[in-house]
Amino acid sequence: MAISKDKQRSLINRLLNAFLRHSGFIGIVRHVNRAQIKILMYHSIAPKESYYVRGIGVTVKPTTFEEQLSYLRQHYRVIPLHQLILELRDGCVGEKTVVLTFDDGFRDSYEFAWPILHKYGVRATVFLNKDVIERGKILWIHRFTYLANCAGMEHLWKLASQRWPALAGVHSTRTGRFMVLMNYLVDQVLPVDRDTFLAEAFRSFEIADPAHRGSDLYLRWDQVHEMAADGIEFGNHTRSHENLARLSEREQQCEIVTARDIIAEMLPGSMIPFAYPFGGMRHFTNLTARIVRESGHSCALLGTGRINSHDTPVYALDRIKVEEEPLSQFAARIEGLSLRRWLRNVRSRKQCCTVTSRSKS
Ligand SMILES: [Zn+2]
């Protein structure tokens, strides 16, 4: 019986990762890499993927999260982000350091992640967006994902490629198209045009737009205060989760500073870290970095998957995205040994290049 290429790849990956973990090799790698600083980037911890995030690989089941946390506590020094920043500034970071972060301020960080963090005595940082916590709005990326899941990617792709001819002719799987369109909206389309497209798409598919239905999806201030009292830290993830590199200076100021101000007001006296929305090098500019520094943030975090060293500047710390995966893959991933991630990066780079070159032509 013939096995598809994807299945072959998955099987090889599982065998390789199981070997890495059970052979003791991963322990050797962990020891060799003991000076590295690993900052993990989680999003949603929930038993089931909601329509707002289905397909973007950001949901980790609570059972998986607990297994990962138990593993981390056993093999690493898991410290709060503010402690890492102080240690980096003093030039005395301990060995095998790991920091946990959660982006987008999902409500499930209160419902599912926090009880597990509390059980293991681990303090993490949750990054908040001002518009969702203050105004009950749904971030556009989650509206887009909801739309794709409700309408079906086929229909949404058709509508998008009628509007943006650069997309027409891109051959990809359903998941591939989802990521291509998402990246296109992030990198190539101005927020005003994207919002018009999304509003028209909801109308055209006769799907109720959940734009202001964020109250159940994200954290409330009372939950933030409860978690903060237990040592959970909170950071700035901007006002509305835009690609900052595409905004004017005034718009970037508004995105970064107004969100910082509300956190400073609600959680006085705390250090406020910053996490770039989307987290890639192409999602901010030198100007963005200056605004982040000058507006009093304690550090700035990316999300490109690189591992930090003692020399990494506090305003350019990077993070490793965590997904739902077997523990052996998780262990390999945080040691920089994930074959699956390497293959996916190669594939997504190819797809992005195709769309970018089409849109430029
Ligand atoms: Zn985010």
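**A walk through the predicted model**

Of the 361 residues in this protein, 39% count as buried, a residue being buried if 20 or more other C-beta atoms, placed from the backbone, lie within 10 Å of its own, exposed if 12 or fewer do, and partly exposed in between. The model is a predicted one, in which local features need pLDDT of at least 70 and side-chain atom pairs count only at pLDDT 80 or more, while totals for chains, interfaces and linings use all residues. Residues are numbered from 1 along each chain as its sequence is written.

The secondary structure comes to 15 helices and 10 strands, where helices (H or I, at least four residues) and strands (E, at least two) are DSSP runs numbered from the N terminus. Among contacts between residues at least 6 apart in sequence, 74% join residues at least 24 apart, two residues being in contact if their C-beta atoms, placed from the backbone, lie within 7 Å.

Phe 127 is buried, because 27 other C-beta atoms lie within 10 Å. Not counting residues up to four places away in sequence, Phe 127 touches several others, including Thr 101, Phe 102, Gly 235, Asn 236 and Ala 275. Phe 127 and Asn 236 are 109 residues apart in sequence, yet 5.4 Å apart in space, C-alpha to C-alpha.

Next come two loop residues. His 241 is found in the loop between β7 (233-236) and α12, and its phi is near 65°, a positive value in a residue other than glycine. His 241 is buried, with 23 other C-beta atoms within 10 Å. Glu 206, in the loop between α10 (191-204) and α11 (221-229), has a phi near 55°, again a positive value in a residue other than glycine, whereas Glu 206 is exposed, with 7 other C-beta atoms within 10 Å.

The last stop is a pair of helices. Helix α12 (residues 249-266) and helix α13 (residues 286-294) pack at an angle of about 40°, with their axes 10 Å apart; axes are lines fitted to C-alpha atoms, for helices over the stretch in contact, and angles run from 0 to 180 degrees between N-to-C directions. That angle makes α12 oblique to α13, since angles under 35 degrees count as roughly parallel, over 145 as roughly antiparallel, 65 to 115 as roughly perpendicular and the rest as oblique. The contact is made by Glu 249, Gln 252, Gln 253 and Ile 256 of α12 and by Leu 287, Thr 288, Ile 291 and Val 292 of α13.
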